Amino acid sequence: MSAAATQDLRGFLRGIEERNPADLLRIREPVSNRFEMTAVALEIERRGNSPILWFEKVEGTEFPVVANVYGTRKRFAQILCVPEEELLDAWVRRDRNPVPPKMLESGPILDSVQTGEDVDLSRLPLITHFHEDAGPYFTAGVIVAKDPDTGVRNGSFHRLQVKGRDRLGTSLHSRRHLWSLQQRIEARGEPLEIAVVIGAHPLFYFGAGLWKGPIQADEYDVAGSFLGEPLEVVRCRTVDLEVPARAEVVLEGRIVPGVREPEGPFAEFTGYASHASTNHVIEVTGVLHRRDALFQDVVSGNAAEHTGLLRVPGECRIYQALKGILPGVRAVSYPPSGACRFHCYISMKKTAEGQAKSAIFAAMGEDLSLKWVVVVDDDVDVYNEEEVMWAVATRMQADRGVFVVPHAMGAILDPSSRNGLTAKVGIDATAPLDGWTAERCTVPEDALRMVRKKLKAWIR
Ligand code: MN
């Protein structure tokens with residue numbers, strides 16, 4: 001069954017506005033394209049809420065801007081149409097049935113086409129997010145490219161610095177699939193053709209942008225798996241690629257071989273301005289957009305949206321990897337305290353001593369960014385950090401429960417790493433199976449249920 005009524009961002013937003021109006025905030029007053037939108041997102045987040053933000057009038061552009069679509073973990077569950085408790089299982093189920101895209105002759109993305117001399121990126125929203133940023137960035141772009149050897153399509157999020165009418169800078173510092181494609185074609189002295197999709201149905205972004213699988217997997221097929229139906233695509237105008245027929249904005253272009261130009265600094269998910277960049281350059285050869293296109297933006301830095309884009313895919317990846325070897329694993333969290341990248345909390349029903357350490361090894365092996373992995377028993381809510389730390393405080397003794405792996409590979413963007421090398425901490429905060437007599441205080445469930453009903457009347 002399809003989870004997407006229409007395969008586009010605007011259809012998804014219409015659904016949110018109809019069913020969960022509090023989750024979408026329309027801002028009708030004009031906003032500045034420098035810092036103001038980030039300030040709105042951060043301030044609203046600080047108040048404990050994180051609705052999608054729809055800026056109807058943005059300085060310097062005709063395009064309205066939609067940001068913070070991925071601002072909460074709950075939103076990821078909404079996109080998959082499940083309660084938040086079922087998010088990880090739903091994600092793991094949804095990526096298993098790859099289905100090839102369906103080619104259409106035409107589609108709304110071709111409403112407006114500019115190529116060659118008519119390309120002008122300055123018509124688009126040029127948003128400067130943070131004081132430390134080198135300038136305006138496009139932050140919601142999924143770069144699509146084909147493997148030069150196999151033709152398999154890859155998609156991935158990358159920051160895009162606007163450098164001129166038809167010029168972008170980007171960084172492939174994660175050195176994953178797009179990096180590999182570009183390295184191979186550059187060795188032949190050729191450009192890598194790309195398309196940048198800005199504003200598409202979230203399930204397209206899940207499959208083609210966030211999903212991390214083997215390089216042999218065509219990520220448009222994976223997008224189809226998330227959508228539950230073939231992704232509808234049209235041919236690009238200036239490059240040999242296909243893009244979602246109902247995307248809002250698409251940039252066509254090529255990563256220039258043998259050219260590197262300074263890119264950044266850019267406010268990264270770590271909460272620091274990142275000067276690390278591979279300094280790649282993109283020449284833009286075409287701009288496609290829908291009539292009345294919505295321009296999508298991701299609130300960058302360590303705002304909840306940017307880290308949230310790392311959070312759920314990371315949790316799912318560890319959950320899936322651990323489930324295969326330790327069926328007692330219940331939940332995985334990448335908490336915001338670790339920039340949703342460096343800390344991992346795992347709950348499990350332990351059936352033998354030593355399993356918690358196995359879980360820690362497996363998690364650290366699966367995601368090299370992890371620096372701090374804590375395993376707790378299955379009665380502990382890993383999405384409540386205070387509860388995790390309470391388990392560390394009351395069930396763990398450091399001489400047996402903590403170990404450090406020095407000098408291991410880590411994330412390049414971690415400012416405390418040395419040349420990408422980092423120390424890893426594993427913490428087994430599960431209670432011992434034998435000789436553990438401490439009883440956790442509880443209130444019977446029926447008493448809680450009764451009081452919940454009464455409280456509705458007592459507190460208005
Ligand atoms: Mn990939």
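Student: Which helices each supply at least two residues of the lining of the second largest pocket?

Tutor: Helix H10 (385-395) and helix H11 (398-401) do. H10 gives the most, with three residues. Helices (H or I, at least four residues) and strands (E, at least two) are DSSP runs, numbered from the N terminus.

Student: Where do the numbers come from?

Tutor: This is a predicted model, in which local features need pLDDT of at least 70, side-chain atom pairs count only at pLDDT 80 or more, and totals for chains, interfaces and linings use all residues. Residues are numbered from 1 along each chain as its sequence is written, and side-chain values use heavy atoms, leaving out hydrogens and water.

Student: What makes a space a pocket, and what makes a residue part of its lining?

Tutor: A 1 Å grid is laid over the protein atoms alone; a pocket is an open set of points with protein on both sides within 12 Å along at least five of seven lines, whereas in a cavity a 1.4 Å probe fits but cannot get out. Lining residues have an atom within 4 Å of a point. By that test, 16 residues line the second largest pocket, and Arg395, Arg400, Asp428, Thr430 and Pro432 lie nearest its centre.

Student: How much space lies in the largest pocket, and which element gives the most to its lining?

Tutor: About 1200 Å³. Volume here is the space filled by probe spheres set on the points, with points joined across faces, edges and corners. H8 gives the most, six residues. The lining counts 45 residues, with Ser174, Arg176, Lys212, Leu310 and Arg341 nearest the centre.

Student: How many residues of each class are in the lining of the largest pocket?

Tutor: There are 18 nonpolar, 17 polar and 10 charged. Ala, Val, Leu, Ile, Met, Phe, Trp, Tyr, Cys and Pro count as nonpolar; Asp, Glu, Lys and Arg as charged; the others, Gly among them, as polar.

Student: Why is the pair of Tyr70 and Phe206 called tilted?

Tutor: Ring centres must lie within 6.5 Å, and planes under 30 degrees apart count as stacked, over 60 as edge-to-face and the rest as tilted (Phe, Tyr and the six-membered ring of Trp). Tyr70 and Phe206 have centres 6.4 Å apart and planes at 45°, so the pair is tilted. Tyr70 sits in the loop between strand E3 (65-67) and helix H3 (73-79), and Phe206 in helix H6 (residues 202-210), so the pair ties together parts 136 residues apart in sequence.

Student: Is Tyr70 buried or exposed?

Tutor: Buried means under 20% relative accessible area, exposed over 50%, partly exposed in between (1.4 Å probe, protein chains only). Tyr70 has 0%, so it is buried. Phe206 also has 0%, and is buried.

Student: How do you know that the charged end of Arg175 sits over the ring of Trp179?

Tutor: The test asks for NZ of Lys or CZ of Arg within 6 Å of the ring centre and within 35 degrees of the ring normal. The charged end of Arg175 is 4.7 Å from the centre of the Trp179 ring, and counts as over it. Lys371 sits over Phe342 in this sense, at 5.6 Å.
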